[in-house]
Amino acid sequence: MIRNYIKTAFRSLRKNKGFTAINILGLALGLATCLLIVLYVVDELSYDRYNTKINRIYRVNEDLKLGGNNVLYAVCMPPLAKTLKAEYPYVENAVRLKNAGTSHVKKGNFNISENRIAFADPSLFDVFTLPMINGNPASALVEPNSVVITETTAKKYFNSTNVVGKTLLLNDNTLCKVTGVIKDISKQSHFNFDFFISMASFPDSRSNEWLRSDYNTYVLLKDPSDAKKLEASFPELLKKFSGAQMQAQLNMSIDAFEKSGSFFRMNLTPLTDIHLHSNRSGELGPNGTTQYVYIFSAIAIFILLIACVNFMNLSTARSSNRAREVGVRKVLGSPRKYLIAQFLTESILVTLIATVIAFFVAALLLPLFNHLADKDIVITAQSLVWIVPSLLFIVVFIGSLSGSYPAFYLSAFQPIDVLKGKLAAGFKGGRLRSFLVVFQFSISIFLIIGTLVIYNQLNYIQTKNLGYNRNQVLIVQNIFELNNQAKIFKQEVKGLPGVVNTTMTGFLPTSNWKNTAIYFPDASRDQKRSMFPQNWEIDEDYISTLDMKMVSGRSFSRDMATDSDGIVINEAAAKFLGFKDPVNKTIYKSLGGNHTADNVKQYHILGVVKDFNFSSLRQNVSPVVMRLAENNGALSIRVNTTNLPALLSQIKDKWKSISPNVQIDYSFMDQEFDASYRTEQRTGQIFIVFTSLAILIACLGLFGLAAYAAEQRTKEIGIRKVLGANVSAIVGMLSKDFIKLVFISILIASPLAWFFMNKWFLQDFAYRINIQWWVLVLAGVAALFIAFITVSFQSIKAAIANPVDSLKNE
């Protein structure tokens, strides 16, 4: 019986090649897209899952509110890890990581710049699952100046993994002994370092300061249920260990600090939540967001629904073509259940073929998708363990779901009505089909609006006045490598033709350099009025080089010796301080300890610079205080030349003449800015691709429906043409029903898209666009145009057909 069903199904599918091709193509595209998105979502949800103790690992965070500034830290105080292990028996172990920034590692006669370096406690390998190829994990990070490197790094520097006992020279002054080689860390990790240097090599790690946040601290609990108990104990822990230091520095207890409206708290984040649920200051790497996981999951479901709707629509639309077959089968005694089984077999067979094609299409497109999404997803034997059963389930589920209505609808025909020709046919007879077309195009229009909103927001980010000019600024990194010759390098570069100006500091709007300090608006040094701004060290050329605008007062001058006690603040800081005219006012910076006159430094305000965005446009501009001080983190060079390669060559030569063994590391400020919004850019590109696929799949269905609608009305069209109807009138007659449904889709999708894009996407940006009316109109017009072109193809074909061909048998 089953074999007969399959043979009959194949015969029916071959007989209707056009219908079969449209159905298989639509389903295959939908399933391939869905599979790619599922792979993306699984990848995002798999971060840190390589750790065997993942359910017992938590990161300790700090939340600080001071003087109206609320900062969420992913880092904690230096002595916290050892204290937690000593104080709480249910803490099995604890480990600290500290990003070491950029260092140069010597290889032969050259120094290679490396930025994936961290200091780590010896307990690193007990907490995290980092399999060691060579070395002893228990003792690898115990001694000072010992380093554990990854397998790839070992091959890079020694062409071997058997390198325990060999040495690496860092920054020309630190000789580190290799004590272990680990397997490369999974790319699905919230941190991905190549070098782990023993924490004992970093003297600051032994600090007993409880009011500093420098170290990413993780705890391994004996039981996951102890997490709430540990969090509940944090307030008493802070009182016990940081209370005295807070009393000395702020002249108040923690309770008084809390009552003043400020707070200093700690909490835990499970390791499983860090990648998608954490966006704190001091993260060890860029994290993802659940927002995009939800958005892409919804798109996958939408596209799959559109593909399924196509199948149901086309199957019911061609019902009249198979009505006589159903009537004859029933007259010959075929029970309804056999007819249902026959139609479901056809549906599942089509879905099976489409699924097989979809798998190979997804595998073929995976490299392109990885490039688009900045992923390294691969289909492995391990992933096939869940992919194959999932696809088989989809074949049965989608096949049954998509074929259920056609199967029950067609099998319900009464044979006498069918054989007498009383069966209602044509497009107008299908209310469910009309509903499904509206559903399809509502999703498509929703996606079109979403794509336009994301594109406009990204364009707004690219063109917004940030308060500084990021164009034509070359940044030479790590100027500290030049030691006391950094100033000489600056002056020599400044004298090159094509160089407008230079400034030397690591504190740039696009850099990760951040520093905070406590300032008071008056001599009373009242903590309730304290300001907790960014505290940047700059030189006298900073404001002019970055093309910032002074609102009032002046910038620093090399001719004014008193400027060393002066500061420049931004508008946000001026507003916070509450001065009507901030210029020449005095504010007080805390130097630590108690806030007596000996432990604060006075600064007079030289001027106010216009607010500039130095963090994500998702956040409002916060207060910034800039002081005149030496900082050789980077050299920013404003250029104005038509021959940039020649200027770059000259700058490289200047560098090489001073430091021949250290490679120059440079970037452009506009590229650094664009990199900070790469996630949004990728999201926009993926949105465009998936929206295009959704529209294509919906149009395939509309194309098929238009073809069958025209086929149903072939004789009517012939009679109308004989009676004098022209082509345009017939095209309008055949198209208006479809266009009406698309128009209804516009009315449904537009308000929904406006609401959800505001709620789910734009609300995350402090600086954002308003969704203009023309966006909704443009999406609607685009949908109408696409639908009209799709339908018109079949309508015109039917309208220009010779009426003799359709009426010759009458």
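**Helix packing and strand pairing**

Student: At what angle do the axes of helix α21 (residues 714-722) and helix α22 (residues 727-761) cross?
Tutor: This is a predicted model, where local features need pLDDT of at least 70, side-chain atom pairs count only at pLDDT 80 or more, and totals for chains, interfaces and linings use all residues. Residues are numbered from 1 along each chain as its sequence is written, and side-chain values use heavy atoms, leaving out hydrogens and water. Helices (H or I, at least four residues) and strands (E, at least two) are DSSP runs numbered from the N terminus, while axes are lines fitted to C-alpha atoms, for helices over the stretch in contact, with angles from 0 to 180 degrees between N-to-C directions. The two axes come within 11 Å and cross at roughly 150 degrees.

Student: Is α21 roughly parallel or antiparallel to α22?
Tutor: Angles under 35 degrees count as roughly parallel, over 145 as roughly antiparallel, 65 to 115 as roughly perpendicular and the rest as oblique. The axes cross at roughly 150 degrees. That makes α21, relative to α22, roughly antiparallel.

Student: Good! Which residues of α22 meet α21?
Tutor: Contact means heavy atoms within 4.5 Å. From α21, E716, I717, R720 and K721 take part, and they meet, in α22, I730, M733 and L734.

Student: In the β4 and β5 hairpin, which turn residue has a positive phi?
Tutor: Strands β4 (residues 103-107) and β5 (residues 110-114) pair in the antiparallel sense over five bridges; pairing takes at least two DSSP bridges. K107 has F110 as its bridge partner in β5. Two residues lie between the strands, and the one with a phi of about 65 degrees is G108.
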